[in-house]
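Dear colleague,

I am passing on the structure that we spoke about, and below it you will find notes on what turned up in it. Please read them with the structure open beside you.

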Amino acid sequence: MYKKILLLLIACGTLITIDAQEHTMELTLGQTIEHARRQSPDAQTAQHSFRSAYWNYKYYRANYLPALKLTSDPYLNRAINKITMSDGSVKFVEQNLLSTDLTLSLTQNIPWTGGTLFVETSAQRLDLFSDNSTSWQTSPINVGYSQSLFGYNSLKWNRRIEPLRYQEAKKTYVETLELVAANATQKFFALATAQSNYEIASTNYANADTLYTYAQGRYNIGTITENEMLQLELNKLTEETNRMNAHIEVENCMQELRSYLGIQEDILIKVDVSDHVPNLHIDLSTALITARQNSPDILDMQRRKLESESRVASARANAGLKADLYLRFGLTQTGNKLKDAYHNPLDQQYVTLGISLPILDWGRGKGQVRVARSNRDLTYTQVEQDKTDFELNVRKLVKQFNLQSQRVHIAARTDETAQRRADVARRLYILGKSTVLDLNASISEKDAARRNYITALYNYWSLYYTLRSITLYDFEVDAPLTETERIEEVMDKMIKNKGTYYKLDYKL
């Protein structure tokens, strides 16, 4: 009977252990970054932003391609209307008619001039119900051109700005993924610090409990004072409180990491902090060159300068002489039947030139031009300052990163030495060759050294991914990040699959 109960307990314990293992996820830093790049809210936001930029770019490209359009504007008019007769008199005449039409037009924008060339064919039918008559009017072909002679050429400026904006969007997407990696690194090491603090607190509590039990025996035989024993009891209570606080900190940091990684299940996460860091030394000149070539911030500066020049051109066009030219040439004919309306068509021409010249506007046009110029000069000044700050930031990050590897090694040696000193201090105290003050100091130094080591690791990886986000360069493999060349493949695949949603994968 007792054997059955024992076997049942062992089986239940095994099931509990297996269930706990199934609900525990161990993550390295690389795995954490992988999850964040695929599932984090920031990564999904970057995907939506890039999709929007992609379709905006497609819309811009469509403005330079031919457009075929079919239009119709039918109407029914059954009313008594005021009509001017052929002799100049005006009469109220009852009208009962139906007008139907159909126009097929092909248009092409001309980016060099900003004008529009079109070719169209149309047919219109008019039914008079009052006398049961029908007539047709056709235009087999019309060729026309419209042009603003002194206006703002948006096609020309968009051709300079929009490709730059799209390149900026692609690089911004890759930059955001690297910033996601930096944020994931921060949350990873926050949990690592919390778990380390909990391990430290648990170890310290176990040691404090052992020392307090040992001190009670020594106090009973009179080898230590009551003050020393009370100090050890206070240490035990303090470490017990620290362990409870550390447990709460672990739960909070774990919840933040789960939320950022997009993990919905309430599972335990245990982070595995690797002691290995690549021994990298980043050349400052290389970092500056790659940052100038790859960073979306540089493209943003160029785009802002072009946009300011575009606004100046628009202000100049609106302030001066305006002239709109419209030309149309083609064939037309009428008839009672549709085939008669296409027989022996007559040529037709239509030309109009609209001119607008401001004579007295109280300086409004000049004021708009001057405001646009001032804003342009301000933009140029801001861009130059932003460029200087950008390069200073790259220099600062490179210098900090090149020193951080050495700091990690020093922190690791300090952690190892502090751990050995704490062990020696505990043995000396048990042998009665050290004081409780020296023991407490060694424990504090051990705990601080461990925290400093984890902080040094965090600073190393945070600086590394921040530098990658600025330069879009993988210094570990000495190659540029190639995600920018593959993003469009996902969107093109979505078009081929008739709009099926695809998540943008940073590896694709």
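Are Asp300 and Arg304 buried or exposed? Both Asp300 and Arg304 are buried, where buried means under 20% relative accessible area, exposed means over 50%, and partly exposed covers what lies in between (1.4 Å probe, protein chains only). Please keep in mind that this is a predicted model, in which local features need pLDDT of at least 70 and side-chain atom pairs count only at pLDDT 80 or more, while totals for chains, interfaces and linings use all residues. Residues are numbered from 1 along each chain as its sequence is written, and side-chain values use heavy atoms, with hydrogens and water left out.

The side chains of Asp300 and Arg304 also meet in a salt bridge, at 3.2 Å from N to O; the term stands for a side-chain nitrogen of Lys or Arg within 4 Å of a carboxyl oxygen of Asp or Glu. Because they are four residues apart in helix H7, about one helical turn separates Asp300 and Arg304 (helices, H or I with at least four residues, and strands, E with at least two, are DSSP runs numbered from the N terminus).

Arg304 forms a salt bridge with Asp386 as well, with the closest N and O atoms 3.1 Å apart. Since Arg304 lies in helix H7 and Asp386 in helix H8, this pair ties together parts that are 82 residues apart in sequence. Asp386 is partly exposed, with a relative accessible area of 29%. Another salt bridge joins the side chains of Arg376 and Glu309, at 3.7 Å from N to O; here Arg376 lies in helix H8 and Glu309 in helix H7, so the pair ties together parts that are 67 residues apart in sequence. The structure holds 20 salt bridges, and a network of them links Glu162, Arg165, Glu168, Asp300, Arg303, Arg304, Glu307 and Asp386.

As for the two helices themselves, the axes of H7 (residues 296-319) and H8 (residues 364-430) come within 8 Å and cross at roughly 170 degrees, the axes being lines fitted to C-alpha atoms over the stretch in contact, with angles from 0 to 180 degrees between N-to-C directions. That makes H7 roughly antiparallel to H8, a label used for angles over 145 degrees.

Definitions and conventions
Parallel < 35°, antiparallel > 145°, perpendicular 65-115°, else oblique.
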